[in-house]
Amino acid sequence: MKRSGLHAIAADHIFDGTAVRERTAVVVDGARIVDLVPTSDLPRTISIRELPDDAWLAPGFIDLQTVQGIRSIAAAHRKFGTTGLLPTLISDSTEKMRLALDAANAAAGEEPGILGIHLEGPFLSSEKPGVHDTRQIRSPSADELAMLTAPRNGVLLVTLAPEVVPAGFIAQLVAAGVRVSLGHSMASYRQTRAAMAEGLTGFTHLFNAMRPLSSREGGPIAQALESPAAWYGLIVDGVHVDPAMLRLTLRGLGHPMLVTDAMPPVGGSRSSFSLHGKNITARDGCCVTDDGTLAGTVLDMAAAVRNCVRLLGVPLPDALRFASAHPATFLGLEHMLGKLAPGYRADLVAFDPNDIEILATWVAGTDD
């Protein structure tokens with residue numbers, strides 16, 4: 001991998017995060033984008049990398065939820081177009097949380113692809129644990145609140161069940177700059193609404209591990225779909241949520257984001273692994289425990305974009321937006337990621353639009 005000085009990457013189609021431009025080049029200097037110009041206007045003195053005919057260039061994908069080691073995950077997912085991600089720690093002890101936060105702090109300062117960390121739990125509903133260790137699920141302590149609200153490098157995303165935490169807890173996290181998401185929850189519609197009033201804006205893997213929609217209790221899903229302030233992660237693998245239900249979310253007022261919920265088999269050769277003492281096996285496109293409980297996916301972001309187009313009928317520019325601009329905005333990074341524009345970090349992905357196969361990836365101007 002190398003980072004060049006001033007150079008240009010030219011493509012027949014460039015999606016800049018808002019619109020598709022034809023026969024355009026992204027001019028990059030070091031880690032930043034300098035300009036987008038028609039290829040015909042490029043000076044002859046500049047070094048140009050021309051992508052294959054009909055290839056697309058777009059903002060790099062941002063994955064909010066993937067369970068693997070911090071540094072190994074960045075390398076594993078980069079070849080699938082992911083240029084920024086949040087490694088995810090699922091429910092664990094306070095000490096493990098502290099170690100994960102310290103590791104993320106260090107990595108965020110050294111590895112530009114690591115945007116922070118996602119703590120999925122342990123403040124969850126024991127009625128919707130999924131693959132989480134029920135022995136670790138609990139209400140937050142004062143020490144844990146202090147740990148979560150301490151200064152940090154990068155983004156901290158916390159997934160919790162609003163009905164499990166005390167009143168005002170979410171507001172305290174939000175005041176400290178933490179992004180808060182609902183997940184693994186049996187919250188009612190009223191409880192979800194109250195949580196959003198405190199500043200909760202995210203919904204972790206919408207539909208999965210949360211109170212379902214019903215005629216007399218809409219729960220979190222109804223609140224997410226009717227709120228313009230909601231940002232919800234969708235696992236588009238054709239297994240976790242039926243495509244018909246996913247298409248329903250696209251009619252809502254909230255903002256969809258593609259997530260992988262990926263486990264270690266992605267990008268590697270392992271078909272099984274252990275998680276909190278449970279044996280997890282990858283088969284039929286997902287990961288399951290021995291008793292058949294869903295335990296994440298083998299999905300990558302390129303496949304999520306592809307499925308969004310093929311299974312849900314989403315136009316390619318919208319699918320790309322769900323994988324880049326939307327998660328960037330949710331994380332508060334819309335000023336530097338999710339678009340191809342002057343001043344933005346040079347996180348880019350080149351791909352064949354027919355099958356969304358990745359041709360090249362750049363993170364902070366460094367190519368693969």
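Here is a walk through this structure, from the whole chain down to single side chains.

What you have is a predicted model, so local features need pLDDT of at least 70 and side-chain atom pairs count only at pLDDT 80 or more, while totals for chains, interfaces and linings use all residues. Residues are numbered from 1 along each chain as its sequence is written, and side-chain values use heavy atoms, with hydrogens and water left out.

Let's start with the whole chain. Its secondary structure comes to 10 helices and 20 strands, taken as DSSP runs (H or I of at least four residues for helices, E of at least two for strands) and numbered from the N terminus. Of the 368 residues, 57% count as buried; that label means under 20% relative accessible area, with exposed over 50% and partly exposed in between (1.4 Å probe, protein chains only). The accessible surface comes to about 14,500 Å², and carbon and sulfur atoms hold 49% of that, by the Shrake-Rupley method with a 1.4 Å probe. As for contacts (heavy atoms within 4.5 Å), residues 24 or more positions apart account for 65% of those with a separation of 6 or more.

Now for the inside. A nonpolar core here is a set of buried Ala, Val, Leu, Ile, Met, Phe, Trp, Tyr and Cys residues joined through side-chain atoms within 4.5 Å. The largest one has 77 residues, and Leu-148, Leu-160 and Leu-206 have the most contacts inside it. Helix 8 (residues 301-312) supplies the largest share of this core, 7 residues. There is also a second, separate core of 18 residues, which includes Ile-14, Val-28, Leu-57 and Ala-360. Going back to Leu-206, and skipping residues up to four places away in sequence, its partners include Ile-221, Leu-225, Tyr-232 and Val-241.

Helix 5 (residues 189-198) is worth a look down its axis. Its buried residues are Thr-192, Ala-195 and Met-196. After helix 5 comes Gly-199, with a positive phi near 125 degrees.

On to the charges. A salt bridge means a side-chain nitrogen of Lys or Arg within 4 Å of a carboxyl oxygen of Asp or Glu, and by this rule the count is 7. One of them pairs Glu-144 with Arg-138, with the closest N and O atoms 2.8 Å apart. Glu-144 is buried, with a relative accessible area of 2%, whereas Arg-138 is partly exposed at 23%. Another joins Asp-347 and Arg-345 (2.8 Å, N to O), and here both Asp-347 and Arg-345 are buried.

Finally, zoom in on Asp-16, found in the loop between strand 1 (7-15) and strand 2 (20-29). Asp-16 counts as buried because its relative accessibility is 10%. It forms a salt bridge with Arg-21, the closest N and O atoms being 3.0 Å apart, and Arg-21 is partly exposed at 33%. A polar atom of the Asp-16 side chain also lies 2.8 Å from the backbone nitrogen of Thr-18. Leaving aside neighbours within four places in sequence, Asp-16 is in contact with Arg-21, Leu-36, Pro-59, Lys-339 and Leu-340.

Technical notes. Polar contact = N/O pair within 3.5 Å; in protein donor to acceptor, adjacent residues only side chain to side chain.
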